[in-house]
Amino acid sequence: MTHHEINDLELAAMAATDAEAFGELYERHVRRIYNYIYYRTGNQQDAEDLTARVFQRALRHVPNFEDKGVPFSAWLYRIAHNLVANWHRDRSRRPVIPLEDHVAVSKVSHHPEAEAIVQEEQSMLLDAVRSLPDDRQQLLILKFVERLSNAEIGEIMGRTEGAIKSLYHRTLIALREEVRAKENRSASGDEEESS
Amino acid sequence: MAAVKLEQLDNKDLERILAETLVPVEPRSRFVKRLKARLVYYHGGNLFSGWMVIVVVATIILVAVTIIRLFVRGLSSWGGLINNLSRRRRGSAEPTSISA
């Protein structure tokens with residue numbers, strides 16, 4: 001049986017002594033962990049740095065990994081979540097987010113004006129998402145980037161499906177509030193500049 | 001920002017924009033490959049067992065001894081060559097009257 005045919009939890013048990021088993025786990029999860037960190041930090045350099053740290057930490061602690069009935073990815077996400085929280089704490093100022101890099105590739109249009117509006121919307125939305133509490137950001141990333149169901153998100157976040165549904169509903173309301181606040185701040189900034 | 005009125009959107013539209021904005025990004029393949037190599041190499045920490053250290057040290061000593069031997073041999077050959085040349089030079093410089 002090759003490593004490809006073995007499930008995550010069995011691989012995790014083997015990974016303490018088998019480098020290839022850990023390599024297979026890495027291949028399966030590196031992209032989703034990178035995506036999670038990328039959207040939490042907003043830039044490629046920090047996403048790469050923190051992704052590397054997540055897997056180095058996972059490698060150190062994989063011999064202590066216990067199957068508690070949650071997916072292996074939940075364990076990785078928890079490590080990523082803690083490292084991102086430390087990263088935010090360590091930074092004295094908010095990160096400079098190269099939103100244009102991401103937004104420019106996500107929407108291709110032949111109408112420059114429409115494209116500019118869409119990019120502006122997306123930039124503002126990403127900014128608003130990053131202003132939300134950690135668990136709400138995680139929920140949105142898992143739902144939209146990873147396209148996971150509420151049940152799967154619940155397993156990763158250690159909550160019930162109903163709790164995730166409710167959290168999602170509150171998150172959309174909070175996101176709209178955040179966008180409104182940002183637009184108001186932006187409008188008052190424009191007025192100050194013109195006067 | 002006047003054109004952007006996200007707060008007026010209903011949930012469906014907000015979800016649509018979220019789906020268009022929060023799209024999967026692909027990490028650089030070079031980064032993914034390098035990190036894997038680093039992790040697998042690091043994971044192979046048990047390769048640096050006592051035996052591995054002995055093998056590495058023995059190899060280094062062997063290579064060093066070989067290099068020193070070659071160097072000494074080269075040096076002695078060079079010395080012998082110079083010695084021969086100087087002897088020949090001395091031999092040709094001797095006065096012929098003595099032999100006569």
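Biologist: Which residues are linked in a network of salt bridges?

Modeller: The network joins A:Glu27, A:Arg31, B:Glu26 and B:Lys36, and please keep in mind that this is a predicted model. To read such a feature, one looks for a side-chain nitrogen of Lys or Arg within 4 Å of a carboxyl oxygen of Asp or Glu. In this structure the side chains of A:Arg31 and A:Glu27 meet in a salt bridge, at 4.0 Å from N to O.

Biologist: Where do A:Arg31 and A:Glu27 lie?

Modeller: Both belong to helix H2 of chain A, where four residues, about one turn of the helix, separate them. A:Arg31 is partly exposed, with a relative accessible area of 30%, and A:Glu27 is also partly exposed, at 33% relative accessibility.

Biologist: Which residues touch the most other members of the largest nonpolar core?

Modeller: A core of this kind is read as a set of buried nonpolar residues joined through their side-chain atoms. Here the largest core has 67 residues, and those touching the most other members are A:Ile37, A:Val54, A:Phe55, A:Leu140, A:Leu175 and B:Leu18. The largest share of this core, 11 residues, comes from helix H2 (residues 19-41) of chain A. If we follow A:Phe55, leaving aside residues up to four places away in sequence, we find that it touches several residues, including A:Phe22, A:Ile33, A:Leu76 and B:Leu39.

Biologist: Which residues form a nonpolar patch on the surface?

Modeller: That patch is made of B:Met52, B:Val55, B:Val56 and B:Ile60, which together have about 340 Å² of accessible area. B:Val55 is placed in helix H3 (residues 50-93) of chain B and is partly exposed, with a relative accessible area of 47%.

Biologist: Is A:Gly69 buried or exposed?

Modeller: A:Gly69 counts as exposed because its relative accessible area is 58%, and exposed means over 50%. A:Gly69 sits in the loop between helix H3 (44-61) and helix H4 (72-90) of chain A. Its C-alpha atom is 9.3 Å from that of A:Leu9, although the two residues are 60 residues apart along the chain.

Note on methods:
Residues are numbered from 1 along each chain as its sequence is written. Chains are lettered from A and ligands numbered from 1 in the order in which they are written. This is a predicted model: local features need pLDDT of at least 70, side-chain atom pairs count only at pLDDT 80 or more; totals for chains, interfaces and linings use all residues. Side-chain values use heavy atoms; hydrogens and water are left out. Helices (H or I, at least four residues) and strands (E, at least two) are DSSP runs, numbered from the N terminus. Buried means under 20% relative accessible area, exposed over 50%, partly exposed in between (1.4 Å probe, protein chains only). Patches are made of residues with over 30% relative accessible area and no salt bridge: like charges are joined within 9 Å, nonpolar side chains (Val, Leu, Ile, Met, Phe, Trp, Tyr) within 5 Å. Accessible areas come from the Shrake-Rupley method with a 1.4 Å probe; for residues, only the protein chains shown count as cover. A nonpolar core is a set of buried Ala, Val, Leu, Ile, Met, Phe, Trp, Tyr and Cys residues joined through side-chain atoms within 4.5 Å. Contact means heavy atoms within 4.5 Å.
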